Amino acid sequence: MELGADWRKHLAEDYAARDKVRMPGEFDVATRQAAEFYRLQSQGEPGQAAAGKKYPDIATAVAAWGQPELRVAVQILVLANVPAAEICELLQVQEAILQVIENLYFDVRPMLTAAPWIVAKVINPEADAGRDDVAARLRAAYSYGPYVAKKLIEAKLRLPTEPAEQFADAAMLLHAKIVQATEMPLTSEQSIEFMKLAVEIRRDEKFLQLEREKLAFRMQRWAQRLELAQIQRSASPQNNERADEDRTAASAAAN
């Protein structure tokens with residue numbers, strides 16, 4: 001696994017670039033198909049069309065992996081070992097396409113118990129490429145599992161209408177941002193960026209706390225209004241007259 005999570009892609013591209021070289025017999029079906037797909041693609045426009053026609057799932061997976069938001073979402077969910085069916089439902093991706101994506105680009109499930117490998121081959125490369133926010137979310141998903149991973153995705157995909165959901169999503173994204181801040185290397189080049197991030201985190205914390213307090217105040221007011229309305233209904237003359245009538249009817253029935 002020295003090649004990393006996309007080891008099949010590396011092997012397939014390597015053999016596709018070689019002229020008339022037979023692939024090793026130990027190559028699995030996914031690697032063989034990918035190698036033939038890349039070989040066809042290297043033959044210009046006719047070859048690219050033939051590759052897409054013969055291996056439509058691979059062509060779709062290649063295009064999907066090229067979408068940054070979808071790629072990160074898949075990485076987060078797979079790192080948390082979320083079942084494929086749940087990932088497909090959440091991201092609206094076909095299971096066959098997700099399988100190709102994992103085979104070619106993100107084959108990490110067999111290595112999930114090897115934390116040093118995950119950190120070295122999956123998380124650190126994102127940070128090294130300057131994508132500290134992605135690295136932070138991947139680490140949070142890997143550390144805390146499916147619940148946190150799905151919340152990280154949902155917080156990006158949906159627009160919650162309930163205040164409680166809004167606060168939960170904001171807290172989840174803020175946690176990922178804090179992880180990013182604590183793991184950011186404090187080199188001279190990044191110190192200014194770190195200071196900006198620290199100010200942003202502090203601002204978000206204050207905003208979140210203020211919104212919590214406002215929600216608590218509104219809930220208290222609603223409770224008070226409800227209690228007052230109940231008291232008013234029970235004390236209204238109409239209710240008193242109805243109660244007298246009920247008591248009279250009950251007395252007549254008893255006699």
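**Alanine 64 and its surroundings**

Author: Leaving aside residues up to four places away in sequence, alanine 64 touches Leu70 and Ile101, where contact means heavy atoms within 4.5 Å. This is a predicted model, in which local features need pLDDT of at least 70 and side-chain atom pairs count only at pLDDT 80 or more, while totals for chains, interfaces and linings use all residues. Residues are numbered from 1 along each chain as its sequence is written, and side-chain values use heavy atoms, with hydrogens and water left out.

Reader: Which helix is alanine 64 in? And is it buried or exposed?

Author: Alanine 64 belongs to helix H4; helices (H or I, at least four residues) and strands (E, at least two) are DSSP runs, numbered from the N terminus. Its relative accessibility is 10%, so alanine 64 counts as buried. The cut-offs are under 20% relative accessible area for buried, over 50% for exposed and partly exposed in between, with a 1.4 Å probe and protein chains only.

Reader: How far is alanine 64 from valine 93 in space?

Author: The C-alpha to C-alpha distance between alanine 64 and valine 93 is 9.2 Å, although 29 residues separate them in sequence.

Reader: What span does H5 have from its first C-alpha to its last?

Author: H5 covers residues 68-79 and reaches 16 Å, close to the 16 Å expected at 1.5 Å a residue. The expected span is 1.5 Å times one less than the number of residues.

Reader: Where is glutamine 92, then?

Author: Glutamine 92 is in the loop between H6 and H7. Its phi is also positive and near 60 degrees. With a relative accessible area of 68%, glutamine 92 is exposed.

Reader: Moving on to H7. How many of its residues are buried?

Author: Helix H7 (residues 95-104) is mostly covered, with seven of its 10 residues buried. These are Ile97, Leu98, Val100, Ile101, Glu102, Asn103 and Leu104. The buried residues of H7 pack against H1, H2, H4, H5 and helix H6 (84-91).

Reader: Now the helix pairs. At what angle do H1 and H2 pack?

Author: Helix H1 (residues 7-16) and helix H2 (residues 29-41) pack at about 45 degrees, their axes being 8 Å apart. Axes are lines fitted to C-alpha atoms, for helices over the stretch in contact, and angles run from 0 to 180 degrees between N-to-C directions. H1 and H2 are therefore oblique to each other, given that under 35 degrees is roughly parallel, over 145 roughly antiparallel, 65 to 115 roughly perpendicular and the rest oblique.

Reader: Which residues make that contact?

Author: On H1 they are Arg8, Lys9, Leu11, Ala12, Glu13, Tyr15 and Ala16, and on H2 they are Ala30, Thr31, Ala34, Ala35, Tyr38 and Arg39. The contact comprises eight nonpolar, one polar and four charged residues. Here Ala, Val, Leu, Ile, Met, Phe, Trp, Tyr, Cys and Pro count as nonpolar, Asp, Glu, Lys and Arg as charged, and the others, Gly among them, as polar.

Reader: And how do H2 and H4 cross?

Author: The axes of H2 and helix H4 (residues 56-65) come within 10 Å and cross at roughly 80 degrees, and the two helices are therefore roughly perpendicular. Gln33, Ala34 and Phe37 of H2 meet Ile58, Ala59 and Val62 of H4. This contact has five nonpolar residues, one polar and no charged.

Reader: Finally, how many helices and strands does the protein have?

Author: The protein has 13 helices and zero strands. Of its 255 residues, 35% count as buried. Among contacts with a separation of 6 or more, 53% join residues 24 or more positions apart.
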